[in-house]
Amino acid sequence: DHFYVCSGHLKDRGFCTPIVDEAEAAAKKKKEELDREIELIKAEYAEKLKKRKKSKDSKKKEKSNEKDKGKEKEYSKDDEDDDEAKAEKEKNEKIKAITDKGATTASDDDGPRIFTLQ
């Protein structure tokens, strides 16, 4: 038999106990691990961008100093754009590889859906 029960009763251990599906619990744990890995990759990418931006700023300062001395170096913005595009592509490839590796269907529920009455 099936019937609807409010979430308050479902949390009450005296009313019912959940029947935990081990495969579903394992899939949820695996998805959480993949999400953590993706966040680490995003953080790594942000750190790389900060380093590149910092090095570009120092190169611009050097360039302006060299111009003051009469020396001119060619530094194009295309190189900057290429570096950023490569970094973005690398980040996306890593994320795609992780998501493809762990492609599972995730449920939006926070808990089990099947319970036994006490």
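User: What are the ground rules for numbering and confidence?
Analyst: Residues are numbered from 1 along each chain as its sequence is written, and side-chain values use heavy atoms, with hydrogens and water left out. As the model is predicted, local features need pLDDT of at least 70 and side-chain atom pairs count only at pLDDT 80 or more, while totals for chains, interfaces and linings use all residues.

User: What makes the E47 and K51 pair a salt bridge?
Analyst: The rule asks for a side-chain nitrogen of Lys or Arg within 4 Å of a carboxyl oxygen of Asp or Glu. For E47 and K51, the N to O distance is 3.6 Å. That lies within 4 Å, so the pair qualifies.

User: How many salt bridges does this rule give?
Analyst: The count is seven.

User: Where do E47 and K51 lie?
Analyst: Both are in helix α2, residues 22–69. They are four residues apart, about one turn of the helix. Helices are DSSP runs (H or I, at least four residues), numbered from the N terminus.

User: Why is K51 called exposed, but E47 partly exposed?
Analyst: Buried means under 20% relative accessible area, exposed over 50%, and partly exposed in between (1.4 Å probe, protein chains only). K51 has 54%, which is over 50%, so K51 is exposed. E47 has 46%, which falls in between, so E47 is partly exposed.

User: How do you know that E88 and K91 form a salt bridge?
Analyst: Their side chains meet at 3.8 Å, N to O. This is within the limit, so the pair counts. Both residues lie in helix α3 (residues 77–101), three residues apart.

User: Is K91 buried or exposed, and why?
Analyst: K91 is at 15% relative accessibility. That is under the buried cut-off, so K91 is buried.

User: Which residues is K91 in contact with, leaving aside its neighbours within four places in sequence?
Analyst: K91 is in contact with I41 and Y45. Contact means heavy atoms within 4.5 Å.

User: What makes K94 and E90 a salt bridge?
Analyst: The N to O distance is 3.7 Å. It meets the cut-off, so the pair is a salt bridge. K94 and E90 are four residues apart in helix α3, about one helical turn.

User: Why are K94 and E90 called partly exposed?
Analyst: K94 is at 31% and E90 at 32%.

User: Which residues are linked with K94 and E90 in a network of salt bridges?
Analyst: E44 and K48 are linked with them.

How values were computed: Helices (H or I, at least four residues) and strands (E, at least two) are DSSP runs, numbered from the N terminus.
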